[in-house]
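User: I have a model open and would like to talk through it with you. Could we start with one of its pockets and then move on to other things?

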Amino acid sequence: MVAVSMIRSYKLLRRLALVLGFLPAMLLFPHESAWAQVPSGQSQSILAGSRVFGTRGCSACHAVNGLGGSLGPDLAKSERPKSFYGFAAAMWNHLPDMVETAVGQELFADKSCIVCHQAGGVGGVVGPSLDFLNQSGSPVQIATALWNHGPSMSAAMRERGIRRPTFTGSELGDLIAFLKSATDRLPQGAMSVLPGRAEEGRLLFEQKSCVGCHTIRGTGGTVGPDLSQLTGRRSLLDFAAAMWNKAPAMTAAMRQAGVAVPQLTAEEMADLLAYLHLVQYSAEEGESDRGPRLLRGKGCLVCHSVAGRGGGTAGDLTQARGLASQAGVISALWNHVLISDEPGRSAASWPTFTPEGMSDLAAYLQTIGRAR
């Protein structure tokens, strides 16, 4: 059965390759010149290929000389593969984009976006056209637009009895893929947002009243979660989806507290993201009082001493420079040279640390560095 299925798929691919490879030529050039390019095998039919093109849904997205869909490129006007395997490679390489676009097209309808918004000239006119996404559809700009216009979009949906949809990060990615493919690319090319500035983001976190609801390492409000404790790898699309999904609860909490819902520019959103990323990435301060025990237990005092206490000759840590910051400590540890002829020290006895142990050691070394 598997072999039969593979043979059928191969035949369909051959037919589709024929229609895409030669039908444009038949439409553009005299009948005889087009047929002159057909392979000598008699088992394949261009007419059968054209039927495959229609029945398998290819024409819903692609046109041939203007006849068909507009979601994908017109296959008579785009550069065509020069061989069957060139065609197969193009199909394979383009498959992820086609799948994302097809899923996004379904989401555009299923999530009721099409009721209020247009894409490629199709859809409602309650909200703005989403054609701009082809030029400025970065995740940061998407998150900004969803946040700024969220309250008005929610109100418009309530008036029309539309259930407010939620999104996952992957769904938002598929939707954006569809919107970008459904609209014409603007001539000036894509816009981008520069990487955010963490220090500006820290200031914005206070100025935009985020700190009134959210905690950063124990400092701030308790209405929302502690944003320094969020776990897992989150993409920008995940962040944009979370901003949209949680916006109703967040805006309601702000209004109850008498806080105006802040508006953000794309640059400000990027700065806030940079700050939150830095907060989540940066290790919390360890317990410095555990440091001396670690130095002894890991054998550090075989080589080093602290204020004259220790048996090593590799240097007193109270005299080391550059230990006043986390980065300075880690740099010093990386640049550390193993002195193999030091008594009691060998490569086999090189100590290892857990993240918590490293944090405690770094905190202790920082207290030493700051005391100098």
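User: How do the residues lining the second largest pocket divide into nonpolar, polar and charged?
Analyst: Bearing in mind that this is a predicted model, the lining of the second largest pocket divides into 24 nonpolar, 8 polar and 4 charged residues.

User: And which residues lie nearest its centre?
Analyst: Of the 36 residues that line the second largest pocket, those nearest its centre are Leu227, Leu230, Phe239, Leu276 and Gln280. Two or more lining residues come from each of helix 11 (236–256) and helix 12 (266–281), and the most come from helix 11, which gives 9 residues.

User: What volume does that pocket have?
Analyst: The volume of the second largest pocket is about 1100 Å³.

User: Switching topic, where does Thr144 lie, and is Thr144 buried or exposed?
Analyst: Thr144 is part of helix 8, which covers residues 139–159. Thr144 counts as buried because its relative accessibility is 5%, and the cut-off for buried is under 20%.

User: Which residues does Thr144 touch, leaving out those up to four places away in sequence?
Analyst: With those left out, Thr144 is in contact with Leu264, Thr265, Ala266 and Met269.

User: Zooming out, how many helices and strands are there in the chain, and what share of the residues is buried?
Analyst: The protein chain has 15 helices and 6 strands, and 35% of its 372 residues are buried. The accessible surface of the chain is about 22100 Å², with 59% of that belonging to carbon and sulfur atoms.

Note on methods. Residues numbered from 1 in each chain as written. Predicted model: local features only at pLDDT ≥ 70, side-chain atom pairs only at ≥ 80, totals over all residues. Heavy atoms only, no water. Helix = DSSP H or I, 4+ residues; strand = E, 2+ residues; numbered from the N terminus. Buried < 20%, exposed > 50% of the residue type's maximum accessible area, 1.4 Å probe, protein only. Areas by Shrake-Rupley, 256 points an atom, 1.4 Å probe, with all protein chains shown as cover. Contact = heavy atoms within 4.5 Å. 1 Å grid on protein atoms, 1.4 Å probe; cavity = no way out; pocket = protein on both sides within 12 Å on 5 of 7 lines; lining within 4 Å. Points joined across faces, edges and corners; volume = space filled by probe spheres on them. Nonpolar A, V, L, I, M, F, W, Y, C, P; charged D, E, K, R; others polar.
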